[in-house]
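Let me put the structure up and then talk you through it.

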2 protein chains.
Amino acid sequence: MDGLETRELRYFVTVAEELHFGRAAERLNMAQPPLSRAIQQVERRLGVVLLDRDRRGVSLTAAGEVMLVEARLALDAVEAVARRTRRAAAAQPALVLTTKAGASHELLKALLDAYAARPGAVEVEVLLCEIGGQARLLRNGRADVAIMHAPFDVMTGLDSAQIMTEGQVAIVPAAHPLARRPSLTMAEVSDVPDLPIARWPRHDGTYPPGPGPEVHSQSQLAQLVALGRTLLVIPYSSRAWQWPEHVSVPVHDAPLATTILAWPAGARSAALAELVETAEHLSQGESLAR
Amino acid sequence: MDGLETRELRYFVTVAEELHFGRAAERLNMAQPPLSRAIQQVERRLGVVLLDRDRRGVSLTAAGEVMLVEARLALDAVEAVARRTRRAAAAQPALVLTTKAGASHELLKALLDAYAARPGAVEVEVLLCEIGGQARLLRNGRADVAIMHAPFDVMTGLDSAQIMTEGQVAIVPAAHPLARRPSLTMAEVSDVPDLPIARWPRHDGTYPPGPGPEVHSQSQLAQLVALGRTLLVIPYSSRAWQWPEHVSVPVHDAPLATTILAWPAGARSAALAELVETAEHLSQGESLAR
DNA sequence: TATCCCTGATACCCCTGGGGTATGAGTCCG
DNA sequence: CGGACTCATACCCCAGGGGTATCAGGGATA
């Protein structure tokens with residue numbers, strides 16, 4: 001009876017993102033009429049109205065919102081089929097590990113070294129990604145395993161192993177009075193009038209309201225701290241990327257940050273299993289001061 | 001450059017399951033030549049050989065095995081798009097809860113009653129499934145939430161909440177000497193010569209080797225116990241489906257069985273959240289004897 | 001060894017349906 | 001009221017998905 005095609009999912013997602021048939025068609029390298037028709041066809045087949053086309057543009061219905069989320073997941077899964085199949089056929093197997101740039105430096109290095117020393121070790125490629133981008137890379141097959149951080153990253157739909165738990169430090173401008181304190185509390189850092197917490201874009205690209213500066217990359221953030229405009233609280237081990245103009249101060253009562261190795265649920269590669277085992281082994285010795 | 005179509009995934013999965021182009025084409029309601037061609041096309045596009053066609057039939061290459069697993073997941077995800085979108089548009093929202101037939105009777109009833117008593121409760125449809133079938137129903141959108149049992153069910157890729165932990169009992173034929181014992185140990189039940197553990201089919205339909213009878217449903221198993229051919233160890237609360245010819249005996253050192261409420265990772269329905277909350281509330285009182 | 005059968009691949013044809021262009025229809029704005 | 005904008009409709013074309021007929025190679029069996 002039904003059965004959506006990948007092509008139809010791509011069309012719908014593009015239209016839902018653009019909320020404009022003309023622009024969506026352009027992004028899809030096709031003309032607008034067949035795109036309109038294809039969407040209508042999907043709506044007829046599902047028996048569901050996905051888009052409200054009334055005066056002043058196009059908008060998603062409630063069902064359309066659901067379909068957008070589900071369709072993105074499905075497209076990721078389809079993408080993963082091709083990518084993982086190709087990888088499986090590649091002459092020399094390899095693992096792709098992804099992590100946020102600048103985080104868990106020492107741990108990553110130690111893990112790579114320890115794993116490489118194992119007899120059957122395969123090559124491990126490191127793929128740096130945007131903050132919060134690891135899960136998607138795992139879902140669509142671009143990466144096999146990720147280093148993530150609780151409670152910051154969402155790990156739904158992934159298997160995982162905890163590697164390390166550690167305290168957090170505040171990164172403050174060296175010139176600021178707080179920089180001279182031996183330690184701080186969450187209450188002290190969360191409400192500093194002249195150092196408001198930076199705001200990151202939401203999934204739809206808009207920013208939450210608030211006094212802090214808008215940022216979308218770590219380097220921006222680092223620069224803003226150096227300029228004395230904001231501060232941030234990060235896990236102890238992430239302090240590697242601090243500048244000379246930064247000072248890190250332990251925050252006693254910050255929630256513990258956990259470094260986690262995560263991989264797609266049900267992954268069955270032997271190389272991955274060995275890497276995870278190495279990490280768990282490693283984590284027994286490790287334990288950075290709180 | 002690439003981009004597999006749903007149709008191509010369906011074709012490949014069918015061929016990979018049948019390992020026979022003719023039969024696969026029949027199942028797909030099409031002729032064999034276009035199917036052969038479609039698979040070749042996929043292989044060319046991916047640049048990967050998926051099937052070995054040599055003397056005496058067709059077999060999967062290593063890459064083909066990977067593709068089979070991934071393609072099934074992707075097809076489930078695509079199926080879920082249509083199903084969840086339709087459900088989202090349905091006039092009255094509802095939750096579909098799935099569980100193994102016969103397991104967690106009382107708990108299920110208590111959960112449904114407690115949830116139904118809440119102000120905003122929606123209708124909860126119960127979908128009974130084969131053993132181990134819950135995860136798939138969640139993935140392809142046929143169900144919203146499942147009652148599962150650790151350590152028996154695989155919960156990869158799902159979010160979950162523990163509801164109840166309980167001891168296990170051995171279900172033995174009433175006529176057997178073990179039935180008169182007040183309690184048993186794992187060592188005693190795991191190696192009874194005249195009551196060998198039953199064997200369940202693997203995913204590929206074959207059975208693991210061993211002395212026990214082959215079964216593929218709970219009713220078969222119940223009958224075999226009644227006939228004095230096998231025994232089984234199940235959570236205390238699952239004893240509901242025992243027959244008059246069965247006797248349940250506590251097994252002291254059996255691993256604790258945990259009843260778990262699981263749902264697709266990242267599900268965002270308010271009704272589901274309420275059900276989970278109800279279950280967690282419920283679980284505070286509950287605590288069946290070990 | 002010759003023959004048959006079984007199975008997948010190839011050759012070739014047909015026609016569905018996905019995509020294009022032209023244009024209509026409704027809405028907002030100056 | 002006319003123009004600009006945007007999505008829908010009308011209509012055409014052809015790529016490609018699917019069909020039939022047939023080939024090719026490897027076992028079995030006599």
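This is a predicted model: local features need pLDDT of at least 70, side-chain atom pairs count only at pLDDT 80 or more; totals for chains, interfaces and linings use all residues.

Residues count from 1 along each chain as its sequence is written, and chains are lettered from A, ligands numbered from 1, in the order in which they are written.

So, symmetry. Rotate chain B by 180° with 0.0 Å of shift along the axis and chain B lands on chain A at an RMSD of 0.2 Å (least squares on C-alpha atoms of residues with pLDDT of at least 70 in both copies). That's a two-fold axis relation. In chain B, the C-alpha nearest the axis belongs to Gly157(B), 1.9 Å away from it. And both copies use the same surface: 100% of chain B's contact residues recur in chain A.

How many residues are in contact? It's 33 of chain B with 33 of chain A, contact being C-beta atoms, placed from the backbone, within 7 Å. On chain B's side, helix 1 (6–18) and helix 4 (62–89) each supply at least two residues, and helix 4 of chain B gives the largest share, 18 residues. Helices here are DSSP runs of H or I, at least four residues, numbered from the N terminus.

Now helix 4 over in chain A: 21 of its 28 residues are buried, so it's largely enclosed by the rest of the structure. Buried is 20 or more other C-beta atoms, placed from the backbone, within 10 Å of a residue's own.

Methods. Two residues are in contact if their C-beta atoms, placed from the backbone, lie within 7 Å. A residue is buried if 20 or more other C-beta atoms lie within 10 Å of its own, exposed if 12 or fewer, and partly exposed in between; C-beta atoms are placed from the backbone.
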